[in-house]
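Here is a short briefing on a protein model. Please read it with the coordinates open.

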Amino acid sequence: MSPIPGSGLAKGLAVTLRTMTKKTVTAQYPDVQPELPPRSRGVIGLFEENCTVCMLCARECPDWCIYIDSHKETVPAAVEGGRERSRNVLDRFAIDFSLCMYCGICIEVCPFDALFWSPEFEYAETDIHELTHERDKLREWMWTVPAPPALDPGAEEPKEVAAARKAADKLAAAQAAEAAAAAEAGQAAEAGQAAEAGQAAEAGQAAETGQTGQTGQTGQTGQTGEYGQTGPEGGQA
């Protein structure tokens, strides 16, 4: 059966009319930023303090786009007679995003949580060499990393959080005990000072009383002497 002449045009106009009645879904980028999912793979941020230069990320990277340089430093013994230790110090950490395939293996294998995904994706460059981000640039991306999602209320508390809370509770208890001991020592010192002051006051009062008694005895003795002298004279008279 041959098609009806003009049927194709009618179908096209019908599609156009249906589309004209629907709400537009055009993303007005870059005036309006897109709403990205929380686990978007935009760029990788480096939390340098957690990096131990274990080289796992560089070894597992399928594109070999991670460059790490480091050197060893000797750490003196923590206690007298202890053994000196050596540690790796990070000199360079760079990622070449012109080679990166955004597989996320480096982030998954990092045992110390030093690498994180950031949803930022606006870092295009006119020079391909500028796509190699050194550790300072990777550290800046850390400020764009979203906070981790909230845990399930019924989930078990992470061991790290429990250990940190236990250590904080011990420290707070030790500080409270020190404050209580200091307060008791201060009260004891105040009580001792008050007792010493009371004893000094009593001693002063006793000294004053003794001096008064001696003065009275001296006066009585003087009067007796006068009477003794008058007596004989009277007798003589």
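Predicted model: local features only at pLDDT ≥ 70, side-chain atom pairs only at ≥ 80, totals over all residues.

Residues are numbered from 1 along each chain as its sequence is written, and side-chain values use heavy atoms, with hydrogens and water left out.

**Largest pocket**

- The largest pocket has a volume of about 690 Å³. A pocket is an open set of points on a 1 Å grid over the protein atoms alone, with protein on both sides within 12 Å along at least five of seven lines. Points are joined across faces, edges and corners, and a volume is the space filled by probe spheres set on them.
- Its lining holds 18 residues, and Phe116, Trp117, Pro146, Pro148 and Pro149 lie nearest the centre. Lining residues have an atom within 4 Å of a point.
- β4 gives the most, with three residues. Helices (H or I, at least four residues) and strands (E, at least two) are DSSP runs, numbered from the N terminus.
- By class, the pocket lining has twelve nonpolar, two polar and four charged residues. Ala, Val, Leu, Ile, Met, Phe, Trp, Tyr, Cys and Pro count as nonpolar, Asp, Glu, Lys and Arg as charged, and the others, Gly among them, as polar.

**Cavities**

- The whole structure has two cavities of 30 Å³ or more. In a cavity, a 1.4 Å probe fits but cannot get out.
- The largest cavity has a volume of about 110 Å³. Of its 16 lining residues, Cys51, Cys54, Cys57, Cys110 and Ala114 lie nearest the centre. The lining has 14 nonpolar, two polar and no charged residues.
- The second largest cavity holds about 70 Å³ of space. It is lined by 14 residues, with Cys61, Cys65, Cys100, Cys103 and Cys106 closest to its centre. That lining divides into twelve nonpolar, one polar and one charged.

**Leu90**

- Leu90 is found in strand β3 (residues 85-96).
- Leu90 counts as buried because its relative accessibility is 11%. Buried means under 20% relative accessible area (1.4 Å probe, protein chains only).
- Beyond its neighbours within four places in sequence, Leu90 is in contact (heavy atoms within 4.5 Å) with Glu48, Cys51, Val53, Ile68, Asp69, Ser70 and Arg135.
- His71 and Leu90 are 19 residues apart in sequence, and 6.8 Å apart in space, C-alpha to C-alpha.

Note on methods:
Buried < 20%, exposed > 50% of the residue type's maximum accessible area, 1.4 Å probe, protein only.
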